[in-house]
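Here's a quick briefing on the packing and ring contacts in this one. Have a look at the model first, then go through the points below.

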Amino acid sequence: MSIKETKDGVSITIFVKPNSPIFKIEFDGTEIVVYSTEEPIKGKVNKEIIKEFTKLFHSKVELALGFTSKEKQLFVKGVEKQHVERLLKQS
């Protein structure tokens, strides 16, 4: 699974597909695929992902790795793995 719990929160590895008609989050086997409506220019995709994940988790979300890559690692502060998994499966 691409979700790991740490002492400060949860680390999530995602794969991004830009230029999608709607923003959505899907499970593809063990991977989390995020469809972004933005173009991969000047960090627009990163901003959208952080905004949408912050809304979803009601917690601070940071981009830890993958600033210019389709594979990204997000860090969600102050949440537990079970909470994150439940919210992602509902979205």
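Helices (H or I, at least four residues) and strands (E, at least two) are DSSP runs, numbered from the N terminus. This is a predicted model, so to speak of local features takes pLDDT of at least 70 and side-chain atom pairs count only at pLDDT 80 or more, while totals for chains, interfaces and linings use all residues. Residues are numbered from 1 along each chain as its sequence is written, and side-chain values use heavy atoms, with hydrogens and water left out.

**The aromatic pair**
- Searching the whole structure turns up one aromatic pair (ring centres within 6.5 Å; planes under 30 degrees apart are stacked, over 60 edge-to-face, the rest tilted).
- The ring centres of Phe53 and Phe57 are 5.8 Å apart with planes at 50 degrees, so this pair is tilted.
- Both sit in helix H1, four residues apart, or about one turn of the helix.

**Around Ile14**
- Leaving out residues up to four places away in sequence, Ile14 touches (heavy atoms within 4.5 Å) Ile32, Val34, Ile49, Phe53, Lys70, Glu71, Lys72 and Leu74.

Terms used: Rings of Phe, Tyr and Trp (its six-membered ring) pair if their centres lie within 6.5 Å; planes under 30 degrees apart count as stacked, over 60 as edge-to-face and the rest as tilted.
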